[in-house]
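Have it open beside you while you read.

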Amino acid sequence: MKKILDQKRRSYPLLKLSLKMKISMLFMFLVLFTMQANSTYAQRTKITLDLNNVTVERLIDEIESQTDFHFVYQIKEVDLNRIVSIQAKKELVPSVLERIFRNTRTTHNVVDKQIFLKERVTKANTLNPKVQPIPIKIQRVVTGLVMDKDGTPLPGANVVEKGTTNGVTADFDGNFSIEVANENVTLVVSYIGYATKEEPVNGQSNLSIILEESAAGLDEVVVVGFGTQKKLNLTGAVSSIDSEDLQNRPITSASQALQGMQGVYINQVGGQPGNDAATIRVRGVGTLNDNNPLILVNGIEFSINDLNPNDIESITVLKDAASAAIYGSRAANGVVLVTTKKGSQKSEISYSTSVGIQEVISLPRVVRDPIKWMELYSQAQLNFGTSENSLVFPQSLIDEYRTGMQTDPFTYPNNDWYDIMFDPAFIQEHNLRFTGGSDKTSFSLSLGLLDQNGVLRSTDSERYTANLNINSIMNKNVTIGGTFNFSYKNRNEPVVGISEAMQMIFKAQSYHPTKLEDGNYGMNFFDIPGHRRFRNPLALTDEGDSDIRSLKLFLNTFAEINLPFDIKYKINLGFTSDAQRSKIFTPQIVLYDAKTKEPTQIQAGGNPFVTFNGQERGVDQRDDESQNWTIFNTLNWNRSFSDDTDLSILLGNSYEKFDRSYFTASNEGYLSNNLYELNAGSTNPVVSGTSTESSLISYFGRANYVLDSKYLFEANFRYDGSSRFAEGNKWGFFPSVSAGWRLNEEDFLKDVEWLGQLKLRTSWGQLGNERIGLFRYLDLIAPGQDYIFGGSINPGTAVLVDNDDEISWETTTISNFGLDATFLGGKLSSSIEYFDKTTEDVLRPVGIPSQVGSLGGPIRNIGTIENKGVELALGHRNVLGDFRYDVSGNITYITNKVVNLNGEIILDDFSSDGRGPFNITEEGKPINQFYLYQADGLFQSQEEIDSHASQGADTKPGYIRFKDLDNNGVIDQNDRMADGNTIPKYTYSFNIKLAYKNLSLNTFWQGVGDVQTYNKHVSGVPFWFGTSLPEGYANDSWTPDNRDASFPIITRYQDTQNTLYRDSDYWLLDASYLRLKNIQLTYDFKPELLSKIGLNKLSIFCNAQNLLTFTSLKDFDPETELLGNDFFNYPSTKIYTLGFNLSF
Amino acid sequence: MKKIIYISIILCGLIVSSSCSKDQLNLEPADQSNVETFWSSEVNAASALTGCYEPLLGPYRGEGSWLLKLEDITPNSFEIDDGSGASSIARGDNNPTLPLINSRYSITYEGIGRTNTLLANIDLVPMDEALKKRFKAEARFLRAFYYHNLIEYFGGVPLILDPPNNNTQGQLPRNTKAEVLEVIYTDLNAAAADLPISYPSTDKGRITKGAALALKARTALYNENWTEALLASQAIIDLNIYDLFPDYRGLFLLENEGNPEVIFDIQFQFPEVTNNYHELFQQGNVFKGLYDAYLMTDGEPITTSTLFDPGNPNANRDPRLSQTLITIGSMFNGELVTGDELFADLTGFAFKKYTYYVDDVKRTPPQPNQSEINPIVIRYAEILLTIAEAENELNGPTERAYEAINMVRNRISVDMPDVTPGLSKEEFRNILRLERRVEFAGEGLYYKDITRWRTAETVMNADGLDKDGNVIEKRSFNASRDYLWPLPDRDILLNSNLEQNPGY
């Protein structure tokens, strides 16, 4: 795009705003300029000047400093270097101006406090003979309308007569009027984000000009560290989305909005209201520590999930070291920059709302029929070798139950616990926004409400948000502004927590009673070994109270000041505060035997809650608080050497301080379930709490150089000092360099018609990761190792962890190569990136043998992890009459490999069964694989068992045969190996947007590939200690008559957990999926219609989230916690919503 | 004027930034002590010693109570849900990942590490020398106790006597059991020499001279050092402060905690440190084998005694039966046990020991996990039976051996007839072994007994039965492997010099 309006004017606070805003402001001025000015200020402000032989520029400065006047002009149109002398004494400003510009090529016009300087178009410039006056022969006025393909006017679009500097901007309604030299000129029409169009006038006097959105948004401006950058000039790897992409989607936590961004893996585990933030992984898993990216909201560290998604203007993810190095020690996992919506001068009120329904996507398929369940339970016992006499369910009991079900459903229930515990749930959202202001000050005020019930009983959440953004140009040298964000959330969930509640729902069987006839909670009348404590899920969710309230405040203010020598100084002060209070009231609930009506004797007191919180009826309250302080200063210098060459330099420093504290208290001895404040209890009060602080001091800088618009160079550095490391290891230096080559600007490609943009990029840089526990470099003696002497507790202390004072940053080095190209006038766009991200000195806890005092292992800089990947994006858009379509997609392929662990093997147990190592990380393999025996089919006969390596005393036909990897004749621990991928190798997404006239249908698809998970708990194995039986065992388990079964012979898990149910790849599950994440149908009413009823915009939409999922994982939603191995997280949900948004 | 304002804003910014001096990066925790300055006061030394006691609690706490879990790997009882892996061991599926194996190995080394740290640093502390001596003696007992708990299950283990240091200790191989034993004896001798016979009431629960001697007697007995066992036992008797508690059931009741029979018990106290014994012991996991093992009041087994009535098998039994087990047809917690109770669904027998209930009065139970009863690790009856066993092994069934065993049988509430005089060494040995099984049923001692006697390969290759003779658990014991437990998987992987026990 050829620059028509020269943006390289002298330093001017106005111009610090984004390009869109600049243009709209300029447009405002021009509109005012053309209108009759009412110069009241001008008519009363008098000025005294005594200047000799100064430049016009200096004179303008002087006037601006003495008065509130602002000059608005284009450099080309004003000869700033002209030397003038002027003396004035209490003279009106217009009169002074008249004296200065008389007989020049410049005219002036005063509109309120604005002074517009413009080139005289009707007269030859007599003072500067070098400038050829444009011969004006015939004056023609051409009017027209600029709009996009949807017919939406594009206010502020630039319309310039080709080959001249004669130009205007379109008004609010996209209308323009321009005087042109003749009827055959060509108009060049441009607008940010749209492809520039040349429109021959051809004698017409009224034109309708439709601009196409430009491909891949190369003209866009993206937010980068401490500033913005034209996408065209980017040399790093950056993904971004803006608010339009997210519009109307039921995004309940803002982290979900990142799904579909190239190179970013988003996994949202479950749809619990108020607790459904997604994990964000940028370009793989690079460390064994915290892999979360650094998230900055308007430059201040803050949780993205504490923002109302509707307040977000744009999200940028800095993926490579070139773009992220300016954030140094915390940037190794990528940086997410969130910008909140700003105000505008246009007074507008907008309101959007949606209502909807959520429902559970999938639940484990288990045997529901109680009789069938009991019969299969007996079969399992018999298969294991239990005698007929010792069956838990003798035939007499089964018969009794079968008969009883007909007559007495309270004693012999047949409950569908899924039906009881899960219900479709309501969700509604309301957002109200006010924007407005003047030419100097603009504001945006928004209010939001999200009210969400949960699909699981007793779960819900409400969130109230408010966001105020103010920007004000104080005078030509000072701009100030600030963002204040408030978010209050109230979440309720079962007292026992989600995980426990879900586990108990999966454990509950159809024979478990809900309530008995008398309304009391029931208990099954027979005993099941291993599951002797039925914790009635209905009681667990309905009784007691777990109330979590959090209040988050975000405050960020800045001032930007113009200093001499074109230097801009910016100071930013940020403060965030997070206060969360969670209060749990554990009630006392008695379960009554369904038959005898006796309170259950399994637990004294019959309190099913006791074993969870380890306490009686009582209150547990916890207050968490954190405050972050941020201050940063930047100096920015910008110099254009020519139209196509400029240099900018940024230097800055920052100080950040993080304070955290918590306080907990609990009390017991409550007299009833209706008293639940701390001071209503009387026994066993316990208090605890602590606070920590950490800080970070940084110096950083950046230089950008654009040569001839073709060659792009950038260098960044950051020097960070952290309190997390010992003296001598506190400071780290993080550099980066990058370069780009815009091939399409080269002469040999300039004339290739079908080629739009073509840019090669490469970058290299280093980043750090300091996110480990505090004080891991100090040897510390911990309290709390107490013992009883003389009947009272004595404080004890001990060293618990072996710390290492040598630790320092992890260092991540990223090399990135990218190629961006657009073709066919932007109809086709593509981008490909290759990256090599290697993290060295990975900080991780080192397991040490128990013989070293059973200390927790130290955190050490050990290991190297490598993520290599390719990202590919393709897009195509076109317009066919009234029909428009836009298809785009991206795919990321990442290989994760642990290169070096100093020969060690990391064993973990992320499962909840505590049966030793289940997860393994070893050299040459991806992080966190499963540690599994290798299955080799099922044993078909005793002979096979006898001839195979020994697998344990009670191995029987129908059991899984494991491979004897070390050939020692025994299946032992050494026959396990790393297996299964818990990090997807592929993540991909695509958008299909279809529109016909005012109707549009957008679909967003997203998926992951080559990833596995494992279910080794309830609903994954048969009768986990007397609980559920996966359906597959009923239909297709091994018997002598069904030797080709997909499940082994049915046994009780508790009998065979060390034989048949050793962790093996037999049970590895494919967790890849493709999902229709969102489908949205929108109707936009025509602006012409709306204006009649005073509206600017009205659209109605309906929307479905997670509507379709294609996966082989049937029992659970595949978008889940893959390492967990128990799947007790909140179920994922489908959400259907309906809503509208309007503005006026 | 405006310029002054801008300049002040800039200055403010710079001042705020520069006040972020590098001191801001030097922060210290306020809830933990720095090792450098810790060993400077008596109070700190006392807290470190308390920290050495603390690992005693782990194995006796929660569901994994050692008393019961070890019992569950004997013919006496079984683990209902195999939560700790006790049932796996009993069924012959012992393996290096079982929680029971892991927890015993790691928690004992945790105690060893803490005692080593204390012993290495306490000389830095300016404090009363006599007290310092006692602190050291307490720590040495604890170290010996922790090592004892290792070698008796795993065999030789890495012998570490310095404060934990991964660089020097992480890759040490196993020492022989004899090498570790020698240190245990040395520690116990030193501890016994410096420990007081008793403490003022505010220090109840600390290690006494008697405990050190008793552990020495047990260690010697387990390792067939009969002479040492006898000497140490005699030394305890000579302290003249211990005696059998007359009421056998009452010995294990909360109200009689710390009675004269108790030599070493672990301290529990509501609400800070509690266990779940009240729940765990009455679960109903006792096999018929134990029930049948109790003699008749005439001193004869049920198979030969004329007093045995199959229709009323509870009658005329060794009184310890009804004081140890809940059985159908007997009284418990003020009610007649009818068989409708939940425990009866399993084997029909449950432990009464360590519950809060007595037979004929109804009592209010504690909440689950809020039992505060102290588990007894060593009591005087064990010393007497140690004398009987060691004497018999060393010199045959001497008068002293008879006297010791009969004292146990003659406890007021037990009152079993004396052992028939004139038995052969072999006959006496069998009587004694049964006496130990019955006297200590449910106290976790029998597992070590059947392994050191090498009878496990016989008694653990028999299935566990319920009251009607149905097989509840199929048992298997591999004599070439199962006398030692495997070292935990994790440790074998982390320390390549650790050699696994044979067969695992």
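Predicted model: local features only at pLDDT ≥ 70, side-chain atom pairs only at ≥ 80, totals over all residues.

1. Start with strand 48 (residues 929-933) of chain A, which pairs with strand 51 of chain A in the antiparallel sense, over 4 bridges.

2. Another open sheet in chain A has 3 strands, in the order 9-6-12, and here the pairing is mixed. Its edges are strand 9 (175-180) and strand 12 (206-211) of chain A; each has a single partner strand, so one side of each is left without a neighbour in the sheet. Neighbouring strands in this sheet are turned by 30° against each other on average, ignoring direction. Within the sheet, strand 6 (residues 140-148) of chain A pairs with strand 9 of chain A in the antiparallel sense over 6 bridges. A:Gly144 stands opposite A:Phe176 in strand 9 of chain A.

3. A:Val224 has A:Gly227 of strand 14 of chain A as its bridge partner. There are 2 residues between the strands, and A:Phe226 in the turn has a positive phi of about 55°.

4. Strand 25 (residues 460-475) and strand 26 (residues 478-492) of chain A run antiparallel too, with 15 bridges joining them. They form a hairpin with 2 residues between the strands, and the bridge partner of A:Asn471 in strand 26 of chain A is A:Gly481. Strand 26 of chain A also pairs with strand 28 (residues 545-563) of chain A, again antiparallel and over 15 bridges. In that pairing A:Phe484 stands opposite A:Leu555 of strand 28 of chain A.

5. How many salt bridges does the structure hold over all chains? The count is 80. One of interest is A:Lys657 with A:Glu693, where the closest N and O atoms are 3.4 Å apart. A:Lys657 lies in strand 32 (residues 645-668) of chain A and A:Glu693 in strand 33 (residues 683-707) of chain A, so the pair ties together parts 36 residues apart in sequence.

6. On to the interface. The contact takes 97 residues from chain B and 97 residues from chain A. About 7800 Å² is buried between chain B and chain A, with carbon and sulfur atoms giving 57% of that area.

7. Which side chains meet in a salt bridge across the interface? They are those of B:Asp489 and A:Arg976, at 2.4 Å, N to O. The count between chain B and chain A is 1 salt bridge, alongside 20 residue pairs in polar contact, both residues being at pLDDT 80 or more. On the side of chain B that touches chain A, several elements supply at least two residues each, including helix 1 (2-19), helix 3 (42-53) and helix 20 (489-494) of chain B. Helix 6 of chain B gives the most to that side, with 8 residues. By class, the side of chain B that touches chain A has 38 nonpolar, 36 polar and 23 charged residues.

8. Strand pairing also crosses between the chains: 2 bridges join strand 37 (residues 780-781) of chain A to strand 1 of chain B, and these strands run antiparallel. A:Ile781 stands opposite B:Ser33 in strand 1 of chain B.

9. Two backbone details to look at in your viewer. The peptide bond from B:Phe270 to B:Pro271 is cis, with omega near 0°; B:Pro271 is found in the loop between strand 2 (262-265) and helix 12 (277-280) of chain B. In chain A, phi of A:Phe775 is near 60°, a positive value in a residue other than glycine. A:Phe775 lies in the loop between strand 36 (755-769) and strand 37 of chain A.

Note on methods
Residues numbered from 1 in each chain as written. Chains lettered and ligands numbered in written order. Heavy atoms only, no water. Pairing = 2+ DSSP bridges. Contact = heavy atoms within 4.5 Å. Buried area = accessible area lost by both parts, 1.4 Å probe. Salt bridge = Lys/Arg side-chain N within 4 Å of Asp/Glu carboxyl O. Polar contact = N/O pair within 3.5 Å; in protein donor to acceptor, adjacent residues only side chain to side chain. Nonpolar A, V, L, I, M, F, W, Y, C, P; charged D, E, K, R; others polar. Axes fitted to C-alpha atoms, helices over the stretch in contact; angles between N-to-C directions.
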